[in-house]
Structure formats: C-alpha cells, structure tokens
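The sequence and structure come first, and the points follow by topic.

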Amino acid sequence: MASGTPHPAPHPSSRRAAVRRAVRRLPLWSAATVTVVICLFPVYWMVATALRPSRDIQSYEPRLLPREWTLDHFRRAVDADGFGLFWRNSILVTLSAVLLALLVAVGAAYAVARLRWRGRRQFMLAVFIAQMAPWESLIIPVYIISRDTGMLDRLPTLTLVYFMITLPFTVVVLRGFIAGIPPELEEAAQVDGCTRVGAFRRIAFPLLAPGLMATSLFGFITAWNEFTYANFLIIKQQDSRTLPVWLSSFQSTFGTDWGATMAASTLFALPALIVFLALQRHVTSGLASGGVKG
C-alpha cells in the first residue's frame, strides 16, 4: 500500500463482534483479577510487614504502603541462631526426598503403564488411597515406629517421611504421562537392538521432562513447607531441625517479633518461588498430561 493511503475503516459488524466478545469475557477477567488479588495480598502484606519499622507494624492505623522502609528485620532474621544450619537441613532433606521419590516413581509408573501383571489395578487403587489419606493421621504411627527403631531426631527419618508423602502423587502423574507416550517408539528402538531398559532410557525418558518437572515442583513445595512432622520427630536435637520449625523461634513468652518473623518467612518463601519460576513452563503440561492420559 502506498504511503499516505488511508487504511480502510473496520466494518461495523466486526467492531460489534469485538465488543460482544469483550463483554462476554468481562466476568472472566473480573473473576481472575479478584482471585489474583486475594491470593497475592497475603504475600504482599508479609513482605510489606518485613520492610516496616517495628513501631508501624502494630499501629492502630495500618497503611497499605509503608511510610518508611527498613532492612533491620532481615538482618535480625539472618543473624538468628541456626539460620545457616537450618537452611542446610531443609535443602538436604527436601532435595533428597524429591530425588528418591522420582527414582522410585519412574520405575513404578513404567511398570503400571507398560507392563501387564496380576494386581496392577489393585496397586494403583492402593496408590490413590495413599494419596487421599491425610498426612496428619500418620503422625502417631510414624512417631512410634521412629521411637522404637531409634530414628527420632534424625534427618534421614524426615527424608523418608517426605518421600512417603510425595511418592503417591509422583507415581500417579508419571504413570499418566508414560501412558501418553506411544509404545511404538520404544518397540522400534528394541527392534534396532535396544533392551527394554535402554529403549526407555533413550526414547521415553527424555519425553518425560514435563511430568518430572511437575512432580518435582509438588514434592519440593510439600517437603520444603512441612512443619508438623519436623516438629514432632525432631525433639531433642535442635541442630537437626528445619526452617519451618526455625520460624517459630521468633515467638517467646514476651510476645512475637512480627518484623523478624515476616522477614524470615519472606526468605523462607524465596527458594520455592525460584523453583516455581524455573519450572512453571513445564508444570501445566505435565499435570494435564498426567491427569487425563492412561
């Protein structure tokens, strides 16, 4: 089109159609906006409280935006006893539980999705029941077993508990994802000389990336945030506690240091946020594929 030539005006019917589409989507946009605000406001208030001076935190006239900003609460949180040690404990337990769950779940999910054996349906039913069972109902049995076997106050005990909690979900998601991969791809590799394990490792396993990312994120957040078991199973050995238990150290008989608590909570939430941002591209496809296929 030559320069200076006016563009044709949009047809009135197309403009009316665009307006109707916008009107129909308005309730969805409004609901999405309200949902986002409700979900993010507690996070914003936590960060804002961590940045407020102590005199403004419990003011009778709370402000949405702090009048002054300070990093003193973050300094107190970092300087608190056990900060680095409890970070190490949480990272060690969380990563160990996630990796162990992935290692076991990949084999179990492959056996359920690809092989035909007696009791396969009963096995998956047991996995679903284990996933639906409330974790809190297992506290007393786990405590008694840990006490009788001398495993109280040990990080490996927490690792095994978190592995037990995350394993059913990991098996369910990976089973659906493996079932969605055409078995003909592995059969072709076996015809070319690969063993069953080799065909899975070379063909199917690289295609499992979205499912592995989704289950890794779930397992990481679950183990990273867990408080109840860490508080009940680690009683005497304070050096074996994790960050969720460490957060309660800012409470005393004289009150709660809300500024340091919110600063520590902000630091505590950062690793989960970083992991989510790193894996979020794969999470949706992994959950969808694991939930509807197979």
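Helix axes here are lines fitted to C-alpha atoms over the stretch in contact, and angles run from 0 to 180 degrees between N-to-C directions. The model is predicted. Its secondary structure consists of 13 helices and two strands. With the axis convention in hand, helices α4 and α10 can be described: their axes come within 9 Å and cross at roughly 140°.

**Overall composition**

- The protein has 294 residues, of which 38% are buried.
- Of the contacts between residues at least 6 apart in sequence, 72% join residues at least 24 apart.
- The accessible surface amounts to about 18000 Å², and carbon and sulfur atoms account for 66% of that area.

**Packing of α4 with α10**

- Two packed helices are described by the angle between their axes and the distance between the axes.
- Helix α4 spans residues 83–114, and helix α10 spans residues 209–225.
- Angles over 145 degrees count as roughly antiparallel and those from 65 to 115 as roughly perpendicular; at roughly 140°, α4 and α10 are therefore oblique to each other.
- The crossing of these two helices, α4 and α10, is right-handed.
- On the α4 side, the contact is formed by W87, S90, I91, T94, L95, V98, L102 and V106.
- On the α10 side, the partners are L212, T215, S216, G219, F220, A223 and W224.
- By class, the residues of the contact between α4 and α10 comprise ten nonpolar, five polar and no charged.

**Packing of α4 with α7**

- Helix α4 also packs against α7, at an angle of about 35° and with the axes 6 Å apart.
- The crossing of α4 with α7 is right-handed.
- The contact of α4 with α7 contains 24 nonpolar, five polar and two charged residues.

**Packing of α8 with α9**

- The axes of α8 (residues 183–191) and α9 (residues 196–207) come within 9 Å and cross at roughly 140°.
- Helices α8 and α9 are therefore oblique to each other, and their crossing is right-handed.
- L185, E186, A189 and Q190 of α8 meet R196, A199, F200, I203, A204 and L207 of α9.
- The residues of the contact between α8 and α9 divide into seven nonpolar, one polar and two charged.

**F205 in α9**

- F205 belongs to helix α9.
- Not counting residues up to four places away in sequence, F205 touches F200 and L212.
- F205 and V106 are 99 residues apart along the chain, and their C-alpha atoms are separated by 9.0 Å.

**A50 and T266**

- A50 lies in helix α1, which covers residues 12–51, whereas T266 lies in helix α13, which covers residues 258–292.
- A residue counts as buried under 20% relative accessible area; A50, with a value of 0%, is therefore buried.
- T266 is buried as well, with a relative accessible area of 11%.
- Leaving aside residues up to four places away in sequence, A50 touches T70, H73, F74, G259, M262, A263 and T266.
- A50 and A264 are 214 residues apart in sequence, and their C-alpha atoms are 8.3 Å apart in space.

**L247 in α12**

- L247 is located in helix α12, residues 243–247.
- At a relative accessible area of 16%, L247 is buried.
- Beyond its neighbours within four places in sequence, L247 is in contact with A264, S265 and F268.
- L247 and F83 are 164 residues apart in sequence and 9.7 Å apart in space, C-alpha to C-alpha.

**Backbone at D153**

- Most residues other than glycine have a negative phi.
- D153, a residue other than glycine, has a positive phi near 65°.
- D153 sits in the loop between α6 (139–148) and α7 (155–179).
- The relative accessible area of D153 is 14%, and D153 is buried.

Key:
Residues are numbered from 1 along each chain as its sequence is written. This is a predicted model: local features need pLDDT of at least 70, side-chain atom pairs count only at pLDDT 80 or more; totals for chains, interfaces and linings use all residues. Side-chain values use heavy atoms; hydrogens and water are left out. Helices (H or I, at least four residues) and strands (E, at least two) are DSSP runs, numbered from the N terminus. Buried means under 20% relative accessible area, exposed over 50%, partly exposed in between (1.4 Å probe, protein chains only). Contact means heavy atoms within 4.5 Å. Accessible areas come from the Shrake-Rupley method with a 1.4 Å probe; for residues, only the protein chains shown count as cover. Angles under 35 degrees count as roughly parallel, over 145 as roughly antiparallel, 65 to 115 as roughly perpendicular and the rest as oblique. A crossing is left-handed if the near helix is turned anticlockwise from the far one by less than a right angle, and right-handed if clockwise. Ala, Val, Leu, Ile, Met, Phe, Trp, Tyr, Cys and Pro count as nonpolar, Asp, Glu, Lys and Arg as charged, and the others, Gly among them, as polar.
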